[in-house]
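Visitor: Can you walk me through this one? I'd like to go by helices and charges.

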Amino acid sequence: MEQSRLREFEYRCIQEEPAECVAACPLHVDARSFVMAVAAGDWDESWKVLRKTMPLPGILGRICDHPCELRCKRRECGDAIRIGALERACVTRPAPAHRVLVLPRRDTKVAVVGSGLAGLTAASDLARKGYPVTVFDVGENVGGPLLRFPQAVLPREVVAAEAATLTSLGVEFHLGEVPRLEDLRTQFAAVFVERDGEQAQPAAVGPDGRLLLPHD
Ligand code: SF4
């Protein structure tokens, strides 16, 4: 093979680096495997790929604004693969049976203030890691800002179903009132405050939504 041709292949090779679309995805969804599963008509497999890295697939599969498509290599020869639309098509199909693996229970109790996307994602991650999690929200229903999406985009039943999944992982929901942050700090080892949840108590919004520990 000519050196110039070899250099061309070397330039294209990404070796062990993730594909650009995967790197651009905040959740690092394996978009290539997902699209291949969809192309093969294997919706169960496509669900499986999403679940590997997507904490709330019913919600995120419907509302993600698909930054991955901006990095899709297919743009160089036409248009990007509509990964967001394919994910939406996937999660509107019945989900195959699935068992969530949860790490052994820990003693460290965590409070989450706000039940919007950030709050539910934090609750999901923490519960899977074995932490007892309690989610507080001033709203009467789980979802916070998620409930402002049109029903056609994100049905409330989907949000409720994801909340039910979290409940099955041991997450508790306290709705209608959020205790003062000072009080939460005395009862919980850590408090996660949703940054963008307008329905979360404003005084509790901490920098970058980071975990606020009792000694902060
Ligand atoms: S649509 Fe969103 S979640 Fe899905 S691969 Fe693209 S960026 Fe990731």
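This is a predicted model: local features need pLDDT of at least 70, side-chain atom pairs count only at pLDDT 80 or more; totals for chains, interfaces and linings use all residues.

Visitor: Start with H8. What should its 13 residues span?

Guide: Helix H8 covers residues 156–168 and should span 18 Å at 1.5 Å a residue. Its end C-alpha atoms are 18 Å apart, which agrees. The expected span is 1.5 Å times one less than the number of residues. Helices (H or I, at least four residues) and strands (E, at least two) are DSSP runs, numbered from the N terminus.

Visitor: Which residues of H8 are buried?

Guide: Val-158, Val-159, Glu-162, Ala-163 and Leu-166. Seen down the axis of H8, the buried residues fall within an arc of 140°, so they line one face. That arc is taken from the directions from the helix axis to the C-beta atoms. Buried means under 20% relative accessible area, exposed over 50%, partly exposed in between (1.4 Å probe, protein chains only).

Visitor: And what sits on the face turned away?

Guide: The exposed residues Glu-157 and Ser-168.

Visitor: What covers the buried ones?

Guide: The cover includes helix H5 (57–63), helix H7 (117–128) and strand E3 (172–175). Contact here means heavy atoms within 4.5 Å.

Visitor: What follows H8?

Guide: Gly-170, with a positive phi near 105°.

Visitor: Switching to charges. How many salt bridges?

Guide: Nine. The rule is a side-chain nitrogen of Lys or Arg within 4 Å of a carboxyl oxygen of Asp or Glu. One of them joins Glu-8 and Arg-5 at 3.3 Å, N to O. Both lie in helix H1, three residues apart, about one turn. Glu-8 is partly exposed at 34%, and Arg-5 is too, at 39%.

Visitor: What does Arg-180 pair with?

Guide: Glu-182, with the closest N and O atoms 3.7 Å apart, and Asp-183, at 3.6 Å. Asp-183 is partly exposed, with a relative accessible area of 32%. Elsewhere, bridges that share partners join Glu-20, Arg-71, Lys-73 and Glu-76 into one network.

Visitor: Last topic, the nonpolar patch. Which residues form it?

Guide: Met-1, Leu-6 and Phe-9, with about 310 Å² of accessible area together. Phe-9 lies in helix H1 (residues 3–12) and is partly exposed at 38%. Patches take residues with over 30% relative accessible area and no salt bridge; like charges are joined within 9 Å, nonpolar side chains (Val, Leu, Ile, Met, Phe, Trp, Tyr) within 5 Å. Areas come from the Shrake-Rupley method with a 1.4 Å probe; for residues, only the protein chains shown count as cover.

Definitions and conventions:
Residues are numbered from 1 along each chain as its sequence is written. Side-chain values use heavy atoms; hydrogens and water are left out.
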